[in-house]
Amino acid sequence: MKQIREVLRLHLVANLSARKIQGATGVARTTIQEYIKRCKENEIRSYEEIAALSDDKLSEKLFGITSTTSSPNPSKVMPDYNHVHEELKRKKKTKVTLMLLWEEYKSTYGEKAYAYTQYRVYYRRYKQRLSPSMRQTYVAGEKMFVDYSGVTIPIYNQKTGKVDSAQIFVAVLGASGYTYADASLSQKQEDFIHSHVSAYNFFGGTPEVVVPDNLKSAVISHTKKGIVINESYAALARHYSMRVEPARPYKPKDKAKAEQGVQAIQRYILACLRHRKFFSIDELNEAIASLLDRYNDKVMKHLGKSRTDMFEEIEKEALRPLPANSYVYEQYKRAKVGIDYHVTLLKCHYSVPFEYLQKEVEVRYSTNHVRIYYNNEIIATHPRLRTPGEFSTLQEHRPPQHAFMHNKWNPNRLRSWAKGIGEYSLLFVEECFESVEHKEQVYRKIIAVLKMAKEYGYTEFELAMMYALEHNLIKVKSIRSVLDKRLYLQRSSNNTGYRTSTIFNNHENLRGADEYK
């Protein structure tokens, strides 16, 4: 009231315009104009009249109601604020406003209706009686809040005896409070996204906005400089045409619906399961599903309706329809195309067209397939490989022979390099080429091995290659281990039948181990 008195004082005593009063008080000009209008309507012509009134009297004179809590007028009809609250949730679709609802109420009850100011005051009191998460008026179909419960459920592995903690995912629609919950073995990205897809299928549609907490499966960083969303989570949002608005760190009121939903799921579902023993996630999810309907069908005392009723009435139709194809979870990785026109993913190798040699590409992979993109255009698709060291090479990705020969690396150049080192190096290269269908698949391996010759010296390297070929050691790490430990200086007890060529047995004066028995 001090602010109102100051505005009216500057108007009545100093005769200032609304613009100048705004500069002096910081009050919005439209608000100042409203105060001046009410002052004139009540025929207040001097500031002395205002100074003589208490705050309650001044509020009653200007706005028709005292500033303190007053009892409803028994001669007036109290509006149905449950109906008002639900109508405002539909405002995005219906464009309804509180003023319009008051006008409809006024036209129905006439003189028995409260004035607009009292109508707003009583609606504000109605919202304050709601639970903390209900005080905000959420628009139907606009937001879904997600979070994990701090309470977990143990899962007993009958084979190993190990006990895992099942994580409970909770999703709540903003307007109706309609809730979904399921269990997973972790909060990792794949489980997190799978729970989202299950929630959208449960609701039968998607909201415009999803509000997660700041866990790493959803948000990489959330600072004043900006928000970085996890790429797989962003892909999920793009698939369902949504946007992600993470709650601010340390601001639980931003996701009050999720906080309330988690607390309710803990009390009405998890607490009921505390004495049961579960041996699989599927068994636990069946138990949660049976109790979830009971929770959603429970009538809320402050609204007189259940969450299911409110979902069916105001939110179901407001949700966006599900896309024709369900979302397939993919992970993302940046990779550089090697000299063998393959990219490596989890120790498996996938070909791309040879024109992309040495280019940086994006690899998107799911359980069943691998897709490779360059500048957001798909350039290769492969089935997902599982055995480390496997190759998926498409014939159309291989360079033609004339391009092959002019390429920086080709079989003839590698043979020439190995021949310059020694006989066993060349033998190693030939065996590598014979072990694969496409010679390009062993380029990187051959280059990695032949580079060791310069590091250890040609003589040492040739001895090591002889030892490696004798013992069938063809991996890069194995050959380096032979060089580091100088295993080629040791003579195996079972290699008497092995014949080496020019380095040791090139004349008749050499004596073997038998001479020293």
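1. In the pairing of strand 15 (residues 369–374) with strand 16 (residues 377–383), Arg371 stands opposite Thr381 of strand 16. These two strands run antiparallel and are joined by 6 bridges; two strands count as paired if DSSP finds at least two bridges between them. Strands, like helices, are DSSP runs numbered from the N terminus: a strand is E with at least two residues, and a helix is H or I with at least four. Strand 15 and strand 16 form a hairpin with 2 residues between the strands, and in this hairpin Asn375 takes a positive phi near 50°.

2. The model under discussion is predicted: local features need a pLDDT of at least 70, side-chain atom pairs count only at pLDDT 80 or more, and totals for chains, interfaces and linings use all residues. Residues are numbered from 1 along each chain as its sequence is written, and side-chain values use heavy atoms, with hydrogens and water left out.

3. Confidence should be considered next. The pLDDT, which is the predictor's confidence in each residue on a scale from 0 to 100, averages 83 for the protein, and 90% of the residues score at least 70. Where pLDDT is low, the predicted coordinates should not be read in detail.

4. Strand 15 also pairs with strand 14 (residues 360–365), in the antiparallel sense, through 4 bridges. Here Tyr365 has Val370 of strand 15 as its bridge partner. Strand 14 and strand 15 form a hairpin with 3 residues between them.

5. A further hairpin is formed by strand 6 and strand 7, with 2 residues between them. Strand 6 (residues 219–223) and strand 7 (residues 226–229) are antiparallel and share 4 bridges. Within this pair, Thr223 stands opposite Gly226 of strand 7.

6. An open sheet of 3 strands has the order 12-13-17, with mixed pairing. Its edge strands are strand 12 (342–345) and strand 17 (391–392), each of which pairs on one side only. Strand 12 pairs with strand 13 (residues 348–351) in the antiparallel sense over 4 bridges, and His342 has Ser351 of strand 13 as its bridge partner.

7. Helix 10 (residues 189–203) and helix 11 (residues 231–239) pack at an angle of about 15°, with their axes 10 Å apart. Axes are lines fitted to C-alpha atoms, for helices over the stretch in contact, and angles between N-to-C directions run from 0 to 180 degrees. Helix 10 and helix 11 are therefore roughly parallel, a term for angles under 35 degrees. Their contact is made by Gln189, Phe192, Ile193, His196 and Val197 of helix 10 and by Ser232, Tyr233 and Leu236 of helix 11.

8. Helix 17 (residues 423–434) and helix 18 (residues 443–456) pack at about 165°, with axes 10 Å apart. They are therefore roughly antiparallel to each other, a term for angles over 145 degrees. Helix 17 contributes Ser425, Phe428, Val429, Cys432 and Phe433 to the contact, and helix 18 contributes Tyr443, Lys445, Ile446, Val449 and Leu450.

Note on methods:
Angles under 35 degrees count as roughly parallel, over 145 as roughly antiparallel, 65 to 115 as roughly perpendicular and the rest as oblique. Contact means heavy atoms within 4.5 Å.
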